[in-house]
Structures are given as C-alpha cells and as structure tokens.
Amino acid sequence: MAKLGFLPAPLFLLLCATFGAILSANSPNISTDQAALLALKSHITHDPHNLLATNWSTSASVCDWIGVACGSRHHRVTYLNLSGMNLTGTINPYLGNLSFLAWLDISNNSFHGALPLELAHLHRLKYLNFDLTENQISGGIPNSLYKCKELWYLSMCNNSLEGSMPMEIGNLTMLKYLYLGYNNLKGHIPSGILDNLTKLLGLDLQQNQISGKIPSNISRCKELRYLSLNNNYLEGSIPMEIGNLTMLEFLRLRHNNLIGSVPSSIFNISSLQQIGLGFNTLFGYLTSNMFDYLPRLVYLDLTECQFSGRIPKSLFKCKELEYLFLSGNHLEGTVPLEITNLTSLKYFFIADNNLSGQIPSSICNLGSLTAVCLNQNSLEGKIPECIGNLSSSLLVINLEENNFHGKLPENFAETCTLQSFRINNNQVEGPLPQSLSNCKDLNFLDVGNNYLKDTFPNWLGNLDQLQVLSLRSNRFYGKVDSSNVTVSFIRLRVIDLSHNNFSDYLSTKFFENLHAIKEGYEKIGKPKYMIEFANDGIWYYIPGLSFATKGLEMEFHSILTFWTAIDLSNNQFLGEIPKTLGELHSLIGLNLSHNCLTGSIPSSLGDLSKLESLDLSSNKLQGRIPTELNNMGFLEVLNLSYNDLKGPIPQGKQFDTFTSDSYIGNLGLCGLLLSKSCDNDEETPTKVDPDDDGLNWKFSILMGYGCGLVLGLSMGYMVFTAGKPWWFIRMFERVQQRFVKR
C-alpha cells in the first residue's frame, strides 16, 4: 500500500477538499452567525420602523446588516447593537451561537420573557446591556451567565428580575460596571462577591427590595466611582469603610432604613460630586466645617432625616453646587447671606425646618434658580420684590406656612416660566398681581389662607395650563365669571374659592368652560400624581391641597391627575344651582354649602356618575330630592342638611348607605331615616327638573334674604357636632383604590 506522502497529487487534493468540507460543515462560521441572527429576527413580533424586516436579508452580507459588525481577523459577528429600535419580542436561544460576540446591547426595546441559558456560550462577551426601559425580562439572573469570564460591563436595569443576587456573580473578576437597578431583587448583598470585584467602577442596585446591611467590605472596591443603593430596605448604619473609597464620585443611599450618624470620613472624599442620604433615620449635628473638603460637590440631599444645627457656612464654599435638599430636618437659624456664593444653584429646598428671619434679597442674584421651597418654617418679613424678576428661570416657588406679610411681588416677568406658585397660609394682603398672567405655563396656584382682597381674577382664565386654583379663606368678593376671557379655565380640575365674600348668581358660562372636568378621566390615561419637577431620576410631586370638610380641614399630600373637585362653600352665592353642573362628568367632589342658593336640586346632578362627595347643606333649597341622584354609584358622602327640602327621601342604592345626619334641618322631609313618616301620596317621589326660569328671579332674591341668620346658626352647630371627618377620608381612599384597580 502506498504511503500517504506518495499519493498522486489529484487524489491528495481531493482528500483535502473533502476533509475541508467536513470541517466546514461541523464548525461554526459566518453562516452560523447569520442563522442565529435570522432566528432572533423570527422572534421579533413588532418592528415599527422595519429596521430588521428590510435590512436583515440573505441578499446582503451579515456584516453589513444594521446593528451588526464583524471582526476583521475571523470575519465573525463580534458586535450586536439593537438599542432604541422599539422592537418587541423574545430573546432567542440561538443568540448563544454567536461565539465571537464581544458586545451585546438590546437596551430600550420591548423584549420580554426569561433570559436563555445559552447566553453562557458567549465566552468572549465583554459588554452586555439589557438596560430595558420598556422591556420586561423576567425570572432570575441565570447562574450560567457568570461563565462569561471576560465580561466587564453588565447592565440589566429596568426589568422584572426576581430572586437574590447569585454568589456566582463574584466569578466575573473583570467586571467594571454592574447595573441591576429597577428590578425585583430581594435578599442581602452577598459580601463575598465584593471580595472578587476589585475592579468595579460602578455598582447600581437601586429600586429593588434588597435588605440587610451594606457590606463593610465594599471598601475592597478601591476604584469604585459610582454607588447607588437608593430605594431599597437596607438597614443598620452606614459603614465607616465607605470613607476609604477615595475615588468615589456618586454616593446614593436615599430611601432606605439606615440609622445612626453619618461617618465623618465620607465628607473627606474630595472627589464626591453627589451625596444622597435623604429619607433615612440618620441624625447628627451639621458642623460649620463639614463641607470644607468637597470642592466638586454638585448634589446634596439630606431630606427628611433628623439633622440639627444651622446650615453650615462651609456649604457655600461648594461653588459647583446645583442641588441642595435639606427639607424635613431640625435646622434652625436664618437663611445665610452667603447663599449668593452658590452661583450655579438650581434647586434650593429647606422646607419643614425651624428657620426664622427674612429671605435675603440677595437670593435674587442667583439667576440659575429653578425651584425654591422654603415652606413650613417661621420665616417672616416681606417677600422680596425681586422674586418676580427671577420668574424667567423659576419653575417652582413654595413659601407656604410661614409668617410673610405685605403685598405679593407685582413684577412677574413677561418671560415668566413659573409652573407652581404656593404662598398659602401666610399673612399677605392686597390684590392678586395681574402680572401673574405672564406665567403662561402656570398649572398650580395656591394663595389660600391669607388676607388678599380683590375681585375674582378672571384673567387667570387665559392661563391655558392652569389645573389647580385655590383662593380659599381670603377676602375676595364680587361675582365669579369668565367674561372677557379667551381661554376660560379649560384645563382647570381643582377649584377652591371657599371662605370668601363672593356673591351674585353662579355663572352658567363659568361651568360650561371647564372642559377638563367635562371630558372625563378616561381620556387622561393611567392615573398618576401631578409632578412638580423631575431631576436625576427622582420625581418630586406637587403637594396636595387642604380641603375643609364639616368644619375641619384635611391635608392631602399629593394630587392625582384625575382628581377633580369644586368647593364654593362659605360665600354668599344666590339663585339656583345651574343645570350645567351635570355636564361635569368626571367631577369627584362638589361643595356648594353655606351659601344662599334657592330653587330645586337639579335632577341633572344625577349625571355626575363619578361623584364621591356632594354637599349642598345650609342653603335655602326647596322641593323634593331628585330620584336621579340614585345614579351616583360612587357617592360616599351626601349632605343636604339645613335647607327647605320636602317630600320622601329616595330609597335604594346609595341612599340606603346615608344616615339621618344627611337630612337634618329639613322639616318637610319624611322617610324611614326620620321620625316623620310620609303620607301615602308622598311615598313615591317624583322626578323634579324645573326650568331655569320656572321661578321668578325676583322671588329667588327675596328667598335668599333670610340666609345669613340660618348660615350663622347652622355653621356653629355643624362644627360642634361634626367630629372627625371619617367619611371624607373614606371617600378619598375609595377614589384612589378605584383608579388603582382600573
């Protein structure tokens, strides 16, 4: 037999070709990569921009496909980036066949389902980003993923990952960035993994359900620059060893259960740009020199801790500071004049402390200010007139619950950008400055509980973004209308004009223009809270309003976008209740009590099918209670007391849930709840819907003359007998629950 070395040339070449074909058929190559990517494409159920549908085709080289790149040496797929394509689908297991893949980014899409175990085959993988804003990758983190020993970037934020952090994550000794925030991870942070992750630069576990203590061996990550553990259930004290992370730039521990004092060594890390410790049970005394060594500090949040002392003057050496949140502590003293040193300051929050004195007028030199919240202190004096000049940059001004007096600034700039203005619960006087009409983006205005004296500011109707308006408990007077106004309050959802001196008839046109209440919450979309501003992933909600109910006042700390309410109580309104109120189909609360209203209760109010609270007490209303009110399927509170109503109380549905307190002071009413029984001819109430001109308007005025005495007596009785307004609390909670279910 001839030796192989002496085979004839043609036979030798044939054997080589055959052997090469066998190797090619069984070894991964570019065809394998193409098949894997086409399999991934087949699992894409929605490609809105047709990026893969038209481009990923066998008519072109796979290396030329969108989002794909190949290595020059082996001509294999090494890079796959589908980020931000708005794709929907699942992650196909064949993706694990891309054996030369080093970079994988499918962030900001709508992938769902579990991660395939085959990803562990990607041994060359160095960068993995599943940071999915809209996606819902579920299940646990597959342990097999940690076989990718060369991985240096791992991001799986904004998903639905569950379970605990696997110990095997410590096998990724090359890892520099580990981002697992905004998931459902539970359990403790395994201290063992930090022993091996010594190259770590960024660690993000925020917005999970992680408990236990912060491991003290975090100090082994000597190169760590970014540490975010916000919004978890971490407990215990902040380990002193964090002070050894001398390269740390971002420290975020907000919204946990941390207790104790803050290690002083943290304030010696000169590289720190952000310190977020708010919403913990931390305490201590803010010393005058504690910020001497933080020249690069941009962001400081110590909100709602228990820090005491004065605002440290060393803080005003931090010339790059933009965000200062010190609200909800026990700070005292005055607002330091040195505040003017912070020329880059945007957000200045020192609310809910024990500060006194005046606002230094030099604050107006801070042209970068975006939000100022000094509310709930003991500040006094006049509001600096120059605040109006800042309105070209300010979005939020909150000065409520202080002791300010004098007039409001009258010089709001023509380029005013103000969105929220709160000055309620002070002692300011004079008219409401008409220059506020320059603030075209204003959506929240609360000047309640002051000494303002003016006619109804109908010019506010031209602010087409205005959603919440409270003028309660002032000295406003005259007629409420929207005449001579172009826009006429089309977005207004919450209106509180109570406890003023408004008079005359209720304007039909005013209610007709309330389109935001007419259209219904179905068009609003998913219920959410009104947002005052957002910053660095943190949302700040507009604080709620105070509502007076049965002589008592309740504070709601946030306002949902679907919350709609009208409170015109405790004024001197005359005439009949406009039938057009029945067109405000999304209205949840209506209070017209303690006025001089006459005529019948319009049956059109029965069209307010979302109404939770209706108070028409202490007026001079006549006639029967319309049976149409039984259509209010969510009505929790009804108060018709102290009127001149007569006839039987309707039965069934919501009326079976009300007590006799809803009807006292109406001598002509009869029914099961009252001591007076109905005659046979009164047992079946009839529908009453009188025409607007069915009662002579002069007679209506005469009927209203006696309101003053009745109002005075009934208000005193109501306050004395009301007790805790449990019914209003139940009503508000019920509204919340109803929309959560939706």
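N666 touches L640, S641, Y642, N643, D644 and L645, not counting residues up to four places away in sequence; contact here means heavy atoms within 4.5 Å. This is a predicted model, in which local features need pLDDT of at least 70 and side-chain atom pairs count only at pLDDT 80 or more, while totals for chains, interfaces and linings use all residues. Residues are numbered from 1 along each chain as its sequence is written, and side-chain values use heavy atoms, with hydrogens and water left out.

N666 sits in the loop between β50 (644–648) and β51 (668–670). Helices (H or I, at least four residues) and strands (E, at least two) are DSSP runs, numbered from the N terminus. With a relative accessible area of 5%, N666 is buried. Buried stands for under 20% relative accessible area, exposed for over 50%, and partly exposed for what lies in between (1.4 Å probe, protein chains only). The side chain of N666 reaches two backbone atoms: the oxygen of L640 at 2.9 Å and the nitrogen of D644 at 3.4 Å. Such a polar contact is a pair of N or O atoms within 3.5 Å; within protein, one must be able to donate a hydrogen and the other to accept it, and residues adjacent in sequence count only if both atoms are side-chain atoms.

Another loop residue is L151, placed between β8 (136–139) and β9 (153–155). L151 counts as buried, at 0% relative accessibility. Leaving aside neighbours within four places in sequence, L151 is in contact with L125, K126, Y127, L128, L172, M174 and L175. Of these, L128 is 23 residues from L151 in sequence, and the two C-alpha atoms are 7.5 Å apart in space.

Next comes a helix. Helix α2 (residues 30–42) has 13 residues and reaches 18 Å from its first C-alpha to its last, close to the 18 Å expected at 1.5 Å a residue. The expected span is 1.5 Å times one less than the number of residues. Which residues of α2 are buried? They are D33, A36, L37, A39 and L40. Seen down the axis of α2, these buried residues fall within an arc of 155°, so they line one face of the helix. The arc is that of the directions from the helix axis to the C-beta atoms. The buried residues of α2 pack against β1 (44–46), β2 (68–70), β3 (77–81) and β4 (88–90).

The last topic is the aromatic rings. A search of the whole structure finds 27 aromatic pairs. Rings of Phe, Tyr and Trp (its six-membered ring) pair if their centres lie within 6.5 Å; planes under 30 degrees apart count as stacked, over 60 as edge-to-face and the rest as tilted. The rings of Y299 and Y323 have centres 5.7 Å apart and planes at 50°, so this pair is tilted. Y299 lies in strand β21 (residues 299–301) and Y323 in strand β23 (residues 323–325), so the pair ties together parts that are 24 residues apart in sequence. Y299 is buried, with a relative accessible area of 3%, and Y323 is buried at 14%. The rings of F412 and F421 have centres 5.7 Å apart and planes at 70°, so that pair is edge-to-face.
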